[in-house]
Each structure stands twice: as C-alpha cells, then as structure tokens.
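Morning, everyone. I have one structure to walk through today. Please have a look at the screen before I start.

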Amino acid sequence: MKKLNDNYIELPRYKVIFLATCVGVIVASMFYIQPIENVITVSYQIKQSQTAVIAMLTQVSYALGLLLVVPLGDMFNRYRFLQIMEAISICSLLLASWAPSPVIFALASVLIGLTSVGGQIIIPYVAYLTPLKKQRPILGVMISGMLTGILFARTFSGLIAAALGWHMVYLIAAALNFLLLILIHQWVPNDPREHGQDISLGQLLASLPKLLKKYRYLRSSAVNGFAMFGLANLFWSTLAFLLMSRFHYGSAVAGSMGLLGIVAIFAAPFIGRMVNLYSPKQNIVTSIILAIVSYLIFGAFQHSMAALVIGIIVLDLSTQFSQVTNQAIIQSLSRTENSRNNSIFMFSYFFGGSIGTLTGIDAWSHFGWAGVTAMAVIFVVVALSAHFAIGEPEKLG
C-alpha cells in the first residue's frame with residue numbers, strides 16, 4: 001500500500017470492492033424486515049399496525065443515526081469506530097434473531113437502524129483516503145455497493161424466511177457481519193489522523209447547522225438530494241398501484257421491477273467517471289433532465305409495459321447521477337469535516353425519500369396518477385430552484 005501526500009492512500013482494487021461490499025452488507029440490515037412483516041406479525045401474534053411501527057422505528061433510528069452517529073467520524077479514529085459499530089450491529093442482529101417478544105425485537109430493530117449508518121462512515125472515510133483525481137470513480141463504486149445492498153436485502157430476507165424461518169434471516173446476517181468485522185480489521189487501513197479532531201460531542205453536533213451555513217454547495221447538494229430521491233420514492237411507492245391500475249399485475253411483478261435497479265448499479269462507476277470528465281453543474285442538470293424524461297415516458301406511454309421499463313431505467317440513472325455527483329461535491333468541500341457534511345446530505349436525502357413515499361401514496365389515493373405527476377412537478381421545481389438559486393461548482397477541488 002503506497003502512501004501519498006497529505007495522508008492519502010492508494011487503495012488497491014480489491015479493497016475498493018471490499019469496502020463497497022461492506023457498505024452494502026451494513027445498510028442491508030435495515031431492510032430485512034420489509035418482506036417479512038406479515039410473518040413477524042403471525043409469529044408474535046400482534047397486529048399488523050404494531051409490526052409496521054417496529055419497521056418505522058428502524059427507519060427513524062437510521063435517520064437519527066445519520067444526524068447523531070455519522071458526525072462522530074470527524075471526532076474518532078474511523079478505523080476503530082467502524083469496528084465498534086459493526087460489533088454493536090452483530091449483537092443487535094443476534095438479539096433480533098433470538099427476541100422472544102415483540103418488545104425485545106423492537107429494541108433490536110432500533111439498534112439495527114442506528115448501526116446501519118456504518119456505511120455512511122465508510123463513504124467519507126474512503127473519500128478522505130483517496131486522492132481527489134481518483135475519488136469520483138471510487139465514490140461511484142461505493143454508491144453501487146449501497147444500492148446493491150438495498151436491492152438484494154429484501155430478496156435475501158424473503159427467501160431465507162420462506163426456507164428456514166424469519167429468525168434465521170437475522171442469525172445469518174449476524175454471521176455475515178461477523179465475517180465482515182474480521183476482514184475490516186485485517187484489510188481496512190488505519191485512520192491517518194492520530195486522534196481525529198479535538199472537539200467535544202456537543203461542539204460536534206452544534207457545528208452541523210453552522211456547516212450548512214458555511215458551505216454553499218452543501219446546501220445545494222442537500223436540496224438536490226432531497227428532491228431527486230423524493231422523485232424516485234414518489235414513483236416506487238406508487239408502482240404497485242400503477243401496475244394494478246394499468247396492467248392488472250400484482251405485487252410480485254412490482255417487486256421484480258426493483259431488479260431493474262441493477263442497470264443503475266452497474267452504471268455507477270461509469271457515472272463516477274462522467275463526474276471526472278464533466279462539471280458537477282452539468283451532471284446535476286443531467287440528473288434533473290433524466291428525471292423529467294422518465295416521468296414524461298410514464299405519462300405519454302401509459303399502456304406500454306416496455307415504456308414503463310425504459311422509464312424506470314431512466315429514473316434510476318437520474319438518481320445515480322444525482323447521488324454520485326452530490327457525494328463528489330460534498331466530499332471535496334473539506335477533508336476534516338467530511339463525515340459531518342455527509343451526515344447532513346444523507347439525512348436530507350433520506351428525508352426527501354420519506355416525503356416522496358408519503359406524498360406519493362396520498363396523491364394516488366386522492367387523484368391517481370395525475371396526483372403523482374403533480375407531486376413530481378413540485379419535486380422538479382425544488383431541484384431546479386436549488387440549481388438556479390444556489391448552484392453547483394463548475395469544478396471540484
């Protein structure tokens with residue numbers, strides 16, 4: 001391993017792939033519950049609404065982790081911090097696999113959500129270690145890892161639960177994370193910073209709104225991430241209704257449509273190279289244009305399944321362009337504050353996604369696809385407002 005100036009480290013290809021795998025496996029823990037909610041409901045003999053609350057707690061604790069845990073990467077040695085988080089995650093998964101009551105399972109789910117932010121510790125850490133000229137393609141690989149984890153978590157959980165019972169989902173996940181912890185200890189380079197930053201926890205958290213005020217492009221990335229992930233979730237939250245209404249297909253087809261995300265996953269490294277070739281401003285405009293085109297396809301070819309598939313691929317590419325470009329922007333702002341900058345961005349990103357989900361379902365229930373389209377226009381206006389009012393850098397670094 002060759003060290004470069006300013007504590008940069010030349011990561012070999014296999015370690016880049018391994019770290020991307022870590023991001024995927026860690027974030028996957030948060031999504032195991034989604035396909036097995038009905039099984040858990042029957043197992044504990046509780047109401048579906050109670051199981052839904054447990055699933056929601058996982059999401060809420062993840063959001064809190066983005067705000068309260070991820071910034072600690074600027075305070076502590078990230079090599080050790082990541083291993084501590086993984087150790088807690090393993091214990092949480094084991095607790096979930098054993099949980100004799102819904103209360104204990106709910107506690108385990110909260111801990112799983114909190115520790116699933118480990119992937120958002122890795123991404124700024126990799127950016128910190130990587131020279132700027134090589135950073136964007138590697139960030140693309142990291143985002144691919146995250147999306148792969150999200151994509152396959154639900155399939156893994158559903159298949160294991162059907163074959164071996166839902167408890168084994170969490171037991172096997174704990175074993176995977178234990179293997180991951182061993183490899184992290186052996187393969188991940190130690191943090192070049194000896195003690196992190198000399199800052200208290202209170203000062204660290206109090207600095208978050210100050211960083212948002214300090215960095216103009218952090219504000220634009222946060223708003224763009226909010227709008228673009230909101231647009232994506234607006235569609236995905238209403239896809240099952242759309243398929244039933246237009247094509248009379250059930251939830252199984254809606255679930256299989258998610259596998260189209262593989263196209264965007266494989267495109268992420270290419271998009272990372274595009275961020276190297278073209279300005280962030282151009283790539284953000286590309287992401288917005290792709291989103292508009294996708295919704296135009298959804299509206300113009302309402303009874304074509306092939307057009308729907310093309311529209312989904314275009315929408316996924318739009319989300320990827322936004323995510324990879326915004327990550328490149330925020331990681332270039334400051335090496336010493338990049339964990340906190342990432343925390344702010346990812347919180348806004350997932351908050352936008354949750355708003356997209358809620359407004360999408362509500363819009364469909366009242367106005368059908370016309371309501372969803374109207375909400376899409378609002379999200380596009382938000383993205384365009386950030387682009388014109390705040391803007392993006394012409395170049396990075």
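A word first: buried means under 20% relative accessible area, exposed means over 50%, and partly exposed lies in between, with a 1.4 Å probe and protein chains only. Now the source. This is a predicted model, where local features need pLDDT of at least 70, side-chain atom pairs count only at pLDDT 80 or more, and totals for chains, interfaces and linings use all residues. Residues are numbered from 1 along each chain as its sequence is written, and side-chain values use heavy atoms, with hydrogens and water left out.

The overall fold. We have 17 helices and 0 strands. Those are DSSP runs, numbered from the N terminus: H or I of at least four residues for helices, E of at least two for strands. The radius of gyration is 21 Å, close to the 21 Å from the globule rule for 397 residues, so the protein is as compact as a globular protein of that length. That radius is taken over C-alpha atoms, and the rule is 2.2 Å times the number of residues to the power 0.38. The C-alpha trace spans about 60 × 55 × 40 Å along its principal axes. Buried residues account for 56% of the 397.

Contacts next, meaning heavy atoms within 4.5 Å. Take those between residues at least 6 apart in sequence: 83% join residues at least 24 apart.

Helix α8, residues 166-187, has 22 residues and reaches 32 Å from its first C-alpha to its last, close to the expected 32 Å at 1.5 Å a residue. Expected span here is 1.5 Å times one less than the number of residues. Its buried residues include W166, Y170, N177 and I184. What do the buried residues of α8 pack against? They pack against α1 (13-28), α2 (37-44), α4 (78-98), α5 (102-115) and α7 (132-164).

Helix α14, residues 280-300, should span 30 Å with its 21 residues, and its end C-alpha atoms are 30 Å apart, which agrees. Among its buried residues are N283, S287, A291, S294 and F298. An α-helix has 3.6 residues a turn, so residues three or four places apart point the same way. The cover over the buried residues of α14 includes α10 (216-236), α11 (239-247), α13 (261-277), α15 (305-331) and α17 (369-389).

F321 sits in helix α15. Is F321 buried or exposed? Buried, at a relative accessible area of 8%. Leaving out residues up to four places away in sequence, F321 touches I271, M274, N283, T286, S287 and L290.
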